[in-house]
Amino acid sequence: MSFSWGRTAAIFIKEFQQMLRDRLTFAMAVGVPILQLVLFGYAINTDPKGLPTAVVMQDSGEMGRSLVAAMQNSGYFKLVRSGIGEGEADELMARGDLQFIVVIPGDFTRRLVRGERPALMVAADATDPAAAGNAIAALQQLGQQGLQRELVGPLAALQPGAAPFELRLQRRYNPEGLSRYNIVPGLIGTILTMTMVMLTALAMTRERERGTMENLLATPVRPLEVMLGKILPYVLIGYVQLGVIMVAAWALFDVPMQGSLPLLLAMIGVFMLANLAVGFTFSTLARNQLQALQLTFFFFLPSMLLSGFMFPFRGMPEWAQWLGEALPLTHFLRIVRGIMLKGSGAADLLPELWPLLGFLVAAGLVALGRYRQTLD
């Protein structure tokens, strides 16, 4: 039989019509490229600026004020707190509210005028080395540039050469600036997000494809009982994955564990339940396993890009940060890094726990409502 363009065109039309009927797959084919363009083009920024900074001003002299002004003019530092003590500033940094603390000693101006190169202490939250790297480099340049207008007349001799003061930098929670201290704890959240959502999304879809959903519906099991029975086995799988990652983190990458392991296990339980509820919702939307995988990818992509795992969270524009705050992975990354690197306690983690619980309740209600519709 010879080749026929007419038969080929008929198959083309049939396939195109079938693709249009599968609205979810068609929407994913169009939506995912648009999502990638928007996120990579507008939301991703590897050079974060406007980093929250507190100044402990123990010297009210002109030199100290000029240095603070030069830091703000650089664009990397945003003064959010001033007139506080070192203790309060340390607490704010431990909670993640500050990226930098600048301590200007009481004799800064007097010793600088005498040419004694006073010490300026700067503490940086180095849990994410990429977020603070460029700002630290800019800070080291301020020694030659920040005080040029003040170093005139009799003080002009202090301008050339080295900075007129000594910069003492403390990289807190990650003194060596190792990227694995930031990446490995973050992998706990990203791996659990992908596997928990995907496995649960496939669970109910598989029941429907194999024709066993009818047997399940014929039982006296209530929707909430089905939902819990479906997701709880994957919680056990999640803890097995956690065990593998933690052993690798300690044995291979030497990542510290400064906080409480039971607290971390409890927080991970909440995080896994939130993602499992999302996966259960996807299973009620998808008509086959391919659609379930597509929905999983559509959720996982912004979670990975907007949570602060791959790129600095504070480097994103404000609208992207608002979107990131709605994702459970964003809050979990702060929790796991706070426990493992900072030794944060339960009270320190409450600001991140409440959004996780709220997301869990909302996703659970949507999943339960969608499952009731599936029953009807």
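**Figure 1. The second largest pocket of the predicted model.** This pocket has a volume of about 160 Å³. Its lining includes Leu-224, Met-227, Leu-228, Ile-231 and Leu-232, together with Leu-273 and Ala-277. Leu-360, Val-361, Gly-364, Leu-365 and Leu-368 also line the second largest pocket. Helix 9 (223-251), helix 10 (261-285) and helix 14 are the elements that give two or more residues to this lining. By class, the lining residues are 11 nonpolar, one polar and no charged.

**Figure 2. The largest pocket and its lining.** The volume of the largest pocket is about 850 Å³. Of the 32 residues that line it, Gly-96, Asp-97, Phe-313, Arg-314 and Arg-334 lie nearest the centre. Two or more lining residues come from each of helix 12 (318-325), helix 13 (328-342) and helix 14 (346-375). Helix 13 provides the largest share, six residues. The lining comprises eight nonpolar, 11 polar and 13 charged residues.

**Figure 3. Salt bridge between Glu-352 and Arg-334.** The two side chains meet at 3.3 Å, N to O. Glu-352 belongs to helix 14 and Arg-334 to helix 13, so the pair ties together parts 18 residues apart in sequence. Glu-352 is buried at 14% relative accessibility, whereas Arg-334 is partly exposed at 30%. A network of salt bridges links Glu-325, Arg-334 and Glu-352.

**Figure 4. Salt bridge between Asp-90 and Arg-172.** The side chains meet at 2.7 Å, N to O. Asp-90 in helix 4 (residues 86-94) and Arg-172 in strand 5 (residues 166-172) are 82 residues apart, and the pair links distant parts of the chain. Asp-90 is partly exposed, with 30% relative accessibility; Arg-172, at 19%, is buried.

Key:
Residues are numbered from 1 along each chain as its sequence is written. This is a predicted model: local features need pLDDT of at least 70, side-chain atom pairs count only at pLDDT 80 or more; totals for chains, interfaces and linings use all residues. Side-chain values use heavy atoms; hydrogens and water are left out. On a 1 Å grid over the protein atoms alone, a cavity is a set of points where a 1.4 Å probe fits but cannot get out, and a pocket is an open set with protein on both sides within 12 Å along at least five of seven lines; lining residues have an atom within 4 Å of a point. Grid points are joined across faces, edges and corners, and a volume is the space filled by probe spheres set on the points. Helices (H or I, at least four residues) and strands (E, at least two) are DSSP runs, numbered from the N terminus. Ala, Val, Leu, Ile, Met, Phe, Trp, Tyr, Cys and Pro count as nonpolar, Asp, Glu, Lys and Arg as charged, and the others, Gly among them, as polar. A salt bridge is a side-chain nitrogen of Lys or Arg within 4 Å of a carboxyl oxygen of Asp or Glu. Buried means under 20% relative accessible area, exposed over 50%, partly exposed in between (1.4 Å probe, protein chains only).
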